[in-house]
Amino acid sequence: MKMTATEAIDDFCEKVQASIDSGDFESINFQGPSKKAAQKELLRGCIWQVNGRLVKLIKKKGNKVQVHLTFKYHGATDICKNWQIEDTSRLLKELLSATKENAQYKSEWGTFHPCGSPLGLSFCSLKTCHNITKLNLITSKINTMKLQSNEATKDDLVTAHDRIKQVPVSQQASFWNALGLSKKPSKRRQCQKFVEIVGNLVKQMPTMKSSKVKSIQTIDMGCGRGYLTFSLHHHLRENYPSSISIDTRGIDMRPKLVAEMNKIVESLREANETNNMNGLMFETGTIESFLRRSRNYVGYSKSSKVKEQLKILIALHACDVATDDALWSGIQMQADIIVVAPCCHKEIRPQLDAHFKKNKDCDPLRDVLRYGIYRERIAETITDSIRALLLELAGYQVNVFEFIGGEHTGKNVMITGTRRTTQRSKSERDSIRHRLQKLTEMYGIKSQKLVAWTNHDSKVSEKNGVSAKTMPPL
């Protein structure tokens with residue numbers, strides 16, 4: 001016999017209450033209209049999703065478990081509410097019935113749309129340890145799907161009010177304290193985000209999906225105190241089996257700093273029974289000196305076993321043309337993944353200033369370029385765009401994006417390149433060269449280090465003091 005809307009809602013609410021009382025409850029979810037359901041202005045203030053779970057509130061009189069719900073609205077601020085366990089069924093009925101008395105669930109826009117209407121809640125789902133029960137509020141139909149065997153109990157469920165954020169590197173990792181980062185959450189957040197990005201790129205590489213890789217080798221150019229070096233190495237050691245060799249090198253030109261970092265590695269290796277610092281070391285040298293010896297460097301040879309190696313090059317905030325040094329090193333050693341976050345774009349700015357001074361009366365961007373702050377930002381954008389084009393020309397799939405909020409660092413643009421399995425066609429490469437030439441002509445760019453090294457005919461001269469023998473063309 002078909003249920004009425006009221007009967008279906010009552011039955012669903014009773015199932016929710018029963019699952020809480022029995023300890024089987026995991027979560028509830030309500031779905032409203034999607035953004036495609038109506039015009040944006042009609043949706044403003046409408047509930048589009050409600051998520052509920054159990055939380056344990058710690059109070060002086062003792063801990064108390066309640067139902068915590070998060071109301072999400074279209075174009076309005078989320079609202080969170082805690083319900084008493086014994087009131088759950090009654091409050092659910094009030095919510096799903098959507099009567100005029102439901103003012104407590106309205107957004108700041110003061111709108112609330114009736115259940116079953118085009119802008120109201122449409123679907124509800126209850127997840128327990130054993131079943132998923134779904135209620136269609138439009139048709140008043142209830143369906144229950146049995147889950148596979150699950151031994152979870154009420155005590156196993158996460159009931160902390162503040163959920164533990166999932167991060168790629170454990171907050172309890174011993175190297176945080178050794179590097180003095182325990183009380184620097186902003187720095188740790190940058191490291192976590194960087195590792196998350198690189199870790200996802202590693203997962204997406206075809207060679208990793210085919211399980212053919214036997215070693216992952218990482219070079220951190222201009223590593224400084226090695227925050228990223230330690231973080232990424234720890235992540236790779238923790239997430240890949242011992243059958244895959246993890247080898248990480250931090251390169252920096254300051255001997256005293258390198259010695260200090262190697263001492264920290266050794267102390268962590270002796271104290272850590274999991275050996276997740278094995279394969280990590282720091283070397284003294286410049287990016288260019290590493291490039292010269294990279295052809296003989298173990299792990300970067302162009303042997304027949306190259307498909308068994310995954311090569312990563314990273315460089316965070318390598319100053320000015322040092323980023324070009326790092327990019328060229330990655331291209332030369334045929335790195336599978338290149339990740340850089342540029343810093344201090346000084347090379348292009350004087351050329352842009354001279355070009356504007358010469359053409360300020362006829363330049364279509366004169367009302368933009370007359371402000372120094374805009375010339376600085378455009379110089380950064382041009383530099384990184386040139387780098388992205390050259391990476392594409394070298395056979396990489398490129399992405400440029402903001403990798404972390406500006407409150408953590410102003411230099412938050414990241415360039416990633418993953419080596420393509422197939423080369424671009426001649427017409428595609430010619431198109432990239434043509435676009436590069438047009439870009440440099442438009443802004444009067446006469447020299448750029450990475451362009452000179454790759455030796456492309458983009459009307460950018462090679463008068464930057466770097467010989468072809470030191471940095472050979474592609």
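Which residue in β7 is the bridge partner of Leu-135? Point 2 takes this up, after a word on the model.

1. **Basis.** This is a predicted model, in which local features need pLDDT of at least 70 and side-chain atom pairs count only at pLDDT 80 or more, while totals for chains, interfaces and linings use all residues. Residues are numbered from 1 along each chain as its sequence is written, and side-chain values use heavy atoms, with hydrogens and water left out.

2. **Strands β5, β6 and β7.** The bridge partner of Leu-135 in β7 is Ile-142. Leu-135 also has Cys-124 standing opposite. Strand β5 (residues 123-128) pairs with strand β6 (residues 131-136) in the antiparallel sense, over 5 bridges. Strand β6 is joined to strand β7 (residues 141-146) by 6 bridges, and these two run antiparallel. Strands are DSSP runs of E with at least two residues, helices are runs of H or I with at least four, and both are numbered from the N terminus. Two strands pair if DSSP finds at least two bridges between them.

3. **The two turns.** β5 and β6 make a hairpin with 2 residues between them. β6 and β7 make a hairpin with 4 residues between them. In the turn of the β6 and β7 hairpin, Ser-140 has a positive phi of about 65°.

4. **Helix α5.** This helix covers residues 185-204, which is 20 residues. From first C-alpha to last it reaches 28 Å, close to the 28 Å expected at 1.5 Å a residue. The expected span is 1.5 Å times one less than the number of residues. Buried residues of α5 include Arg-188, Cys-191, Phe-194, Ile-197 and Leu-201. Buried means under 20% relative accessible area, exposed means over 50%, and partly exposed lies in between (1.4 Å probe, protein chains only).

5. The side chains of Lys-193 and Glu-196 meet in a salt bridge at 3.5 Å, N to O. A salt bridge is a side-chain nitrogen of Lys or Arg within 4 Å of a carboxyl oxygen of Asp or Glu. Lys-193 and Glu-196 are 3 residues apart in the helix, so about one helical turn separates them. Lys-193 is partly exposed, with a relative accessible area of 30%. Glu-196 is partly exposed too, at 34%.

6. **Other salt bridges.** How many salt bridges does the count come to? The count is 21. One of them joins the side chains of Glu-308 and Lys-214, at 3.9 Å, N to O. Glu-308 lies in the loop between α9 (287-293) and β11 (309-319), and Lys-214 in the loop between α6 (206-209) and β8 (215-221), so the pair ties together parts 94 residues apart in sequence. Glu-308 is partly exposed, at 26%.

7. **A charged network.** Asp-87, Arg-90 and Glu-94 are linked in a network of salt bridges. Arg-90 is partly exposed at 44% relative accessibility. Asp-87 is partly exposed at 22%.

8. **Aromatic rings.** A pair of aromatic rings is described by the distance of the centres and the angle of the planes. The whole structure holds 4 aromatic pairs. Phe-175 and Trp-176 form a tilted pair, 4.5 Å centre to centre with 35° between the planes. Rings of Phe, Tyr and Trp (its six-membered ring) pair if their centres lie within 6.5 Å; planes under 30 degrees apart are stacked, over 60 edge-to-face, and the rest tilted. Phe-175 is buried at 0% relative accessibility, and Trp-176 is buried at 2%.

9. **A ring pair across the chain.** The rings of Phe-230 and Phe-282 have centres 5.6 Å apart and planes at 35°, so this pair is tilted. Phe-230 sits in helix α7 (residues 227-239) and Phe-282 in strand β10 (residues 280-284), and the pair links distant parts of the chain, 52 residues apart. Phe-230 is buried at 0%. Phe-282 is buried at 3%. Ring pairs link Phe-175, Trp-176, Phe-230 and Phe-282 into a cluster.

10. **His-345.** Is this residue buried or exposed? His-345 is buried, at 13% relative accessibility. Its place is in the loop between β12 (337-343) and α11 (349-359). Beyond its neighbours within four places in sequence, His-345 is in contact (heavy atoms within 4.5 Å) with residues including Asp-320, Glu-380 and Asp-384. A polar contact of 3.2 Å joins the side chains of His-345 and Asp-384. A polar contact is a pair of N or O atoms within 3.5 Å; within protein, one must be able to donate a hydrogen and the other to accept it, and residues adjacent in sequence count only if both atoms are side-chain atoms.
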